[in-house]
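The points are grouped by topic.

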Amino acid sequence: MNAKSVMAAASLNDIFRKLGWQSYKLSAFPTSNAREVDIQYRSSKYGTLRSVTCDAAGLLRWLNQNFSTFGVRRRLLELLDRKEERETSQMDTPEIPNLFS
């Protein structure tokens, strides 16, 4: 795992937790690429637990610009549903530090 990816995943998980999105199984996981994170979530469109790879900085920027708008979680899940699924959709929960506690 890359240290920058670990930090980005931890930041995203903190945001998801603060917004109360854990009930949607929305979690970020680090990758070996510094610019990417894997996002795991429950997809209502596909009816399964999916995992997709996202640009970490782009996702953080999008959340920062849109987090206060109505329906942001629904729009995020719709965007994630458009991405191609990773080969393994069930990931182990890594020990990611909580940066903002």
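In this predicted model, helix H2 (residues 56-66) packs with H3 at an angle of about 155°, and their axes are 11 Å apart. An angle over 145 degrees counts as roughly antiparallel, so H2 is roughly antiparallel to H3. The crossing of the two helices, H2 and H3, is right-handed.

**The contact of H2 with H3**

- On the H2 side, the residues that meet H3 are Leu-59, Trp-62, Leu-63 and Asn-66.
- On the H3 side, Val-72, Arg-75, Leu-76 and Leu-79 take part.
- By class, the residues of this contact between H2 and H3 are six nonpolar, one polar and one charged.
- An α-helix has 3.6 residues a turn, so residues three or four places apart point the same way.

**Buried residues of H3**

- Helix H3 spans residues 72-82.
- Its buried residues are Val-72, Leu-76, Leu-77, Leu-80 and Asp-81.
- The buried residues of H3 pack against helix H1 (3-18), E2, strand E3 (48-55) and H2.
- Val-72 and Leu-76 are among the buried residues of H3, and both also belong to the contact with H2.

**Asp-81**

- Is Asp-81 buried or exposed? Asp-81 has a relative accessible area of 8%, and the cut-off for buried is under 20%, so Asp-81 is buried.
- Asp-81 lies in helix H3.
- The side chain of Asp-81 makes a polar contact of 2.7 Å with the side chain of Tyr-41.
- Beyond its neighbours within four places in sequence, Asp-81 is in contact with Tyr-41, Ser-43, Lys-45, Tyr-46 and Arg-50.

**Asp-38**

- Asp-38 is a residue of strand E2 (residues 36-43).
- Its relative accessibility is 3%, so Asp-38 counts as buried.
- Which side chain is joined to that of Asp-38 by a polar contact of 3.3 Å? The partner is Arg-86.

**Ile-15**

- Ile-15 sits in helix H1.
- With 27% relative accessibility, Ile-15 counts as partly exposed.
- Not counting residues up to four places away in sequence, Ile-15 touches Leu-60 and Leu-63.
- Leu-63 is also one of the H2 residues that meet H3.
- Ile-15 and Phe-67 are separated by 52 residues in sequence, and their C-alpha atoms are 9.5 Å apart in space.

**Lys-25**

- Most residues other than glycine have a negative phi, and most peptide bonds are trans.
- Lys-25 has a phi near 60°, a positive value in a residue other than glycine.
- Lys-25 is located in the loop between H1 and strand E1 (27-30).
- Lys-25 counts as partly exposed, at 46% relative accessibility.

**The whole protein**

- The protein has three helices and three strands.
- Read from the N terminus, the order of elements is α-β-β-β-α-α.
- Of the 101 residues in the protein, 36% are buried.
- Of the contacts between residues at least 6 apart in sequence, 59% join residues at least 24 apart.

Conventions
Residues are numbered from 1 along each chain as its sequence is written. This is a predicted model: local features need pLDDT of at least 70, side-chain atom pairs count only at pLDDT 80 or more; totals for chains, interfaces and linings use all residues. Side-chain values use heavy atoms; hydrogens and water are left out. Helices (H or I, at least four residues) and strands (E, at least two) are DSSP runs, numbered from the N terminus. Buried means under 20% relative accessible area, exposed over 50%, partly exposed in between (1.4 Å probe, protein chains only). A polar contact is a pair of N or O atoms within 3.5 Å; within protein, one must be able to donate a hydrogen and the other to accept it, and residues adjacent in sequence count only if both atoms are side-chain atoms. Contact means heavy atoms within 4.5 Å. Axes are lines fitted to C-alpha atoms, for helices over the stretch in contact, and angles run from 0 to 180 degrees between N-to-C directions. Angles under 35 degrees count as roughly parallel, over 145 as roughly antiparallel, 65 to 115 as roughly perpendicular and the rest as oblique. A crossing is left-handed if the near helix is turned anticlockwise from the far one by less than a right angle, and right-handed if clockwise. Ala, Val, Leu, Ile, Met, Phe, Trp, Tyr, Cys and Pro count as nonpolar, Asp, Glu, Lys and Arg as charged, and the others, Gly among them, as polar.
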